Amino acid sequence: MISITILGNGNVAQNLFEAFQKSDSINVVQVVGRTIDKLNYFKSRTSLATYKDDLLPADIYVLAITDDVILDVSNNLKVNGLLVHTSGAVPLSSLNKHNKIGVFYPLQTFTTGKILDLSTVPICIEANNNEDLQLLHRLGNLLSNRVTTIASSKRKALHVAAVFVNNFTNFMYTIGEQVCAESAIDFSLLNPLIQETAKKIEGTSPKLVQTGPAKRGDQQTLHAHLTLLENKNQREIYTLLSNSIKAMYAEQKDKPL
Ligand SMILES: NC(=O)c1ccc[n+]([C@@H]2O[C@H](COP(=O)([O-])OP(=O)(O)OC[C@H]3O[C@@H](n4cnc5c(N)ncnc54)[C@H](OP(=O)(O)O)[C@@H]3O)[C@@H](O)[C@H]2O)c1
């Protein structure tokens with residue numbers, strides 16, 4: 001049995017809590033927050049505490065809090081077990097004040113109120129000794145069939161890639177939704193296209209399956225689109241992305257992938 005304390009109450013804290021609860025080999029002994037009233041989600045399901053309390057003993061303390069406060073909060077924590085954070089961007093060394101430290105980064109997008117199945121979610125782990133790494137492997141394997149050890153420098157690059165493929169892509173959906181709204185078009189007409197674009201890159205390089213006016217070099221269409229966009233930011237984004245695509249595929253004509 002692995003005993004766990006979760007520190008935090010947001011998207012990741014709630015998703016990890018539910019995943020841990022599903023396993024007979026994991027016991028969530030406590031959830032910690034800044035105030036007890038913020039921990040309502042976990043009420044009656046485990047012990048609740050604030051950072052000012054003496055925390056219960058646990059094998060692993062999972063710090064699922066905002067990136068920017070991980071260093072400060074961890075510096076003020078008194079825990080005996082293995083302390084891990086769940087961030088893609090924060091280095092392991094941020095927890096250096098403690099002896100037993102690690103990272104338990106689930107590579108997925110989590111939103112409060114939407115509990116996900118973690119069985120296919122990659123869990124990226126890191127620790128500063130073998131024993132702790134093995135414990136994180138055991139924990140990860142209880143949740144997911146894809147647990148992988150990744151050092152802080154590589155995790156940072158992975159996180160940058162995740163921002164491009166997830167956060168920026170979602171922002172593109174938002175722009176698409178706005179463009180549709182301006183012409184009173186139902187945005188859901190684009191759903192099959194969104195799904196197919198995501199499915200198409202399974203098992204191939206996205207570079208090989210790029211389509212669109214910029215890839216084809218259709219100057220008249222590109223110009224017509226820019227004329228339609230009234231919003232300056234949208235025009236700038238459209239131009240920047242189209243120029244990047246044109247440059248990449250102009251290179252490709254000389255040098256195949
Ligand atoms: N969301 C994702 O998709 C995702 C995916 C993978 C990894 N992560 C990582 O997981 C971590 C948590 O992300 P999240 O999305 O769960 O965040 P979130 O929902 O915004 O929750 C942030 C948490 O940080 C706490 N917090 C903020 N300032 C604090 C402070 N000064 N002292 C103590 N606690 C503080 C908040 O507590 P209060 O409620 O008291 O403000 C809350 O529990 C981050 O490191 C993030 O990079 C997120």
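**View 1. Two domains of the protein chain, with centres 35 Å apart, taken over C-alpha atoms.** This is a predicted model, in which local features need pLDDT of at least 70 and side-chain atom pairs count only at pLDDT 80 or more, while totals for chains, interfaces and linings use all residues. Residues are numbered from 1 along each chain as its sequence is written. The domain assignment gives domain 1 as 2-150 and domain 2 as 154-254; such bounds come from an automatic or database domain assignment.

**View 2. The side of domain 1 that touches domain 2.** Nine residues of domain 1 are in contact with seven residues of domain 2, contact meaning that the C-beta atoms of two residues, placed from the backbone, lie within 7 Å. On the domain 1 side, E6 and E7 each supply at least two residues. Helices (H or I, at least four residues) and strands (E, at least two) are DSSP runs, numbered from the N terminus. By class, this side of domain 1 holds six nonpolar residues, two polar and one charged. Ala, Val, Leu, Ile, Met, Phe, Trp, Tyr, Cys and Pro count as nonpolar, Asp, Glu, Lys and Arg as charged, and the others, Gly among them, as polar.

**View 3. An open sheet of eight strands.** The order is E3-E2-E1-E4-E5-E6-E7-E8, and the pairing is mixed; two strands pair if DSSP finds at least two bridges between them. Strand E3 (47-50) and strand E8 (147-149) stand at the edges with a single partner strand each, so one side of each has no neighbour in the sheet. On average, neighbouring strands of this sheet are turned by 25° against each other, direction ignored. Axes are lines fitted to C-alpha atoms, for helices over the stretch in contact, and angles run from 0 to 180 degrees between N-to-C directions.

**View 4. Strands E1 and E2 with the helices packed on the sheet.** E1 (residues 2-7) pairs with E2 (residues 26-33) in the parallel sense over six bridges. Ser3 has Asn27 as its bridge partner in E2. Helix H1 (residues 11-22) packs on the sheet and touches E1, E2 and strand E4 (60-63); the direction of H1 makes about 160° with that of E2. Helix H4 (residues 152-182) also packs on the sheet, touching strand E6 (101-106) and strand E7 (123-127), and its direction makes about 155° with that of E7.

**View 5. The shell of 22 residues around the ligand.** The closest are Gly10, Asn11, Val12, Ile65 and Ser87. H1 gives the largest share of the shell, three residues, and E6 supplies at least two. The shell divides into nine nonpolar, 10 polar and three charged residues.

Key: Near = placed C-beta within 6 Å.
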